[in-house]
Amino acid sequence: MRSASRYHITTFGCQMNKADSERMAGILEEMGFQFAENPNDADLILYNTCSIRDNAEQKVYSYLGRQAKRKQEQPHLTLVVAGCVAQQEGESLLRRVPELDLVMGPQHANRLGDLLEQVFNGEQVVASEPIQIVEDITKPRRDSSVTAWVNVIYGCNERCTYCVVPGVRGTEQSRTPAAIRSEMVELGQQGYKEITLLGQNIDAYGRDLPGSTADGRHQQTLTDLLYYVHDVPGIERIRFATSHPRYFTERLIRACAELPKVCEHFHIPFQSGDNEILKAMARGYTQQKYCRIIAKIREIMPDASISADAIVGFPGETEVQFENTLKLVEEVGFDLLNTAAYSPRPGTPAAVWQDQLPEEVKRDRLQRLNHLVSVKAAERSQRYLGRTEEVLVEDQNSKDSSQVMGRTRGNRLVFFTGNITQLKGQLVPVKITEFRAFSLTGQLLLVAC
Ligand code: SAH
Ligand code: SF4
Ligand code: F3S
């Protein structure tokens with residue numbers, strides 16, 4: 001490799017992609033590349049892409065178009081497309097953008113070094129075949145020095161009729177409890193305070209591990225994993241995402257209530273509040289089952305935050321069915337809800353159904369839902385007013401350098417006056433003095449040393 005080469009990574013999409021990008025950045029630095037903030041200064045540009053909705057995918061093409069043009073003038077530039085669009089499009093990406101050097105699916109993230117060797121030998125490479133994900137030995141280059149992601153299960157075996165993820169991320173592959181724990185031990189030694197355990201359907205953790213039986217009676221579950229990693233020294237907070245209502249258990253809630261480091265926050269997407277739509281989505285639960293889960297959480301952990309994802313304008317969704325989603329939001333009162341208008345995706349069953357809704361109907365429903373979400377989120381925020389919350393300080397407030405930002409255990413953003421060099425990575429008590437729908441302002445009570 002040429003010396004003093006520089007790389008730039010732009011990441012689209014979810015936390016899995018962010019975690020993959022951090023590992024790929026680690027591999028590039030191991031190879032001697034240095035990070036370039038500006039893609040135009042870089043000799044290697046990697047787009048880690050998302051194809052969950054059409055607009056996410058289109059964004060990639062517009063970024064890529066610009067760099068492909070630059071490559072015509074600077075042929076030494078190496079262009080890589082990784083992630084979910086790469087997996088979905090494979091070879092056809094090369095036809096669309098012939099300037100590309102490497103197209104690699106998410107399962108190949110840890111192989112970036114080998115794949116680049118082939119590129120530097122003059123090949124144009126496509127890596128999209130399903131593989132057994134190799135345990136990573138390179139140290140990720142993590143964006144934060146306070147909070148870190150740890151993958152526990154890759155892929156997804158569900159078949160939600162709108163979703164590309166199973167197609168692009170492949171079948172479930174759990175990491176061993178020992179590998180997860182040792183990554184966490186190392187993070188604790190490096191001074192990280194908060195870990196988020198990651199999986200598209202994290203409740204599936206362990207199903208595929210040797211020792212698990214088909215009847216599900218002898219299993220290494222997510223709950224078992226939480227008990228197993230809970231005492232890792234230095235790690236003060238543990239989060240996990242994403243939970244699937246079909247597999248969510250009371251045992252998991254009890255573990256969260258019992259284990260002091262596990263934060264009081266559940267992210268459980270419901271997607272729709274209407275049973276017919278849930279069935280058409282192949283989600284495997286009803287609105288009633290979802291509400292029973294929420295009731296159980298509120299019984300055992302009354303103050304826990306609850307967030308979710310929802311889709312409006314799924315094919316055939318009537319006004320009344322959409323109103324069932326509004327009703328669910330009204331009843332549950334989410335702390336946060338990620339909302340999206342349904343986007344037909346290539347290769348998914350629902351994309352070819354006849355009863356697609358017009359864009360303006362989807363837009364209108366999205367607006368109405370978002371309005372309700374912020375009203376309910378503000379109601380949830382209000383409960384913090386006057387309380388003293390434990391905040392883990394992550395960074396400076398990017399809009400006001402006299403303030404720092406952090407999160408409560410329930411995952412609400414908090415801003416307060418303070419010096420980031422003194423406070424970064426500290427868990428401090430903050431008295432909440434103002435609330436907004438999705439964030440809080442407070443006052444530091446005392447500085448821990
Ligand atoms: N594994 C998680 C979510 C993964 S994708 C789960 O099962 O809930 C993240 C979110 O993107 C989904 O929860 C869904 O709300 C949204 N999403 C997925 N496919 C979509 C599509 N075709 N159109 C609109 N939103 C979509
Ligand atoms: Fe997609 Fe469903 Fe898997 Fe979530 S559980 S990633 S929505 S297929
Ligand atoms: Fe997007 Fe792939 Fe994540 S499609 S949401 S980056 S799993």
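Q: How many salt bridges are counted between domain 1 and domain 2?
A: In this predicted model, the count between these two domains is three.

Q: What makes the E57 and R345 pair a salt bridge?
A: The closest N and O atoms of E57 and R345 are 2.5 Å apart. The cut-off is 4 Å, between a side-chain nitrogen of Lys or Arg and a carboxyl oxygen of Asp or Glu.

Q: Which parts of the chain are meant by domain 1 and domain 2?
A: Domain 1 spans 6-127 and domain 2 spans 147-382. The bounds come from an automatic or database assignment.

Q: How far apart are the centres of domain 1 and domain 2, and how many residues make the contact?
A: The centres, taken over C-alpha atoms, are 28 Å apart. Domain 1 gives 19 residues to the contact and domain 2 gives 21 residues. Together the two domains bury about 1,700 Å², with 54% of that on carbon and sulfur atoms.

Q: What shows that the shell around ligand 3 draws on two domains?
A: At least three of its residues come from domain 1 (6-127), and at least three from domain 2 (147-382). The shell includes C14, C50 and C84, along with V165, R169 and Q200. By class, five residues are nonpolar, three are polar and one is charged.

Q: Which residues touch the most other members of the largest nonpolar core?
A: They are M184, L197, F240, F266 and F270, out of 56 residues. A second, separate core has 21 residues, among them I45, L79, V81 and L93.

Q: Which residues does F270 contact, leaving aside neighbours within four places in sequence?
A: Among them are L278, Y285, Y290, F334 and L337. D309 and T325 are also in contact with F270.

Notes. Residues numbered from 1 in each chain as written. Chains lettered and ligands numbered in written order. Predicted model: local features only at pLDDT ≥ 70, side-chain atom pairs only at ≥ 80, totals over all residues. Heavy atoms only, no water. Core = buried A, V, L, I, M, F, W, Y, C linked by side-chain atoms within 4.5 Å. Buried < 20%, exposed > 50% of the residue type's maximum accessible area, 1.4 Å probe, protein only. Contact = heavy atoms within 4.5 Å. Buried area = accessible area lost by both parts, 1.4 Å probe. Near = heavy atom within 4 Å. Nonpolar A, V, L, I, M, F, W, Y, C, P; charged D, E, K, R; others polar.
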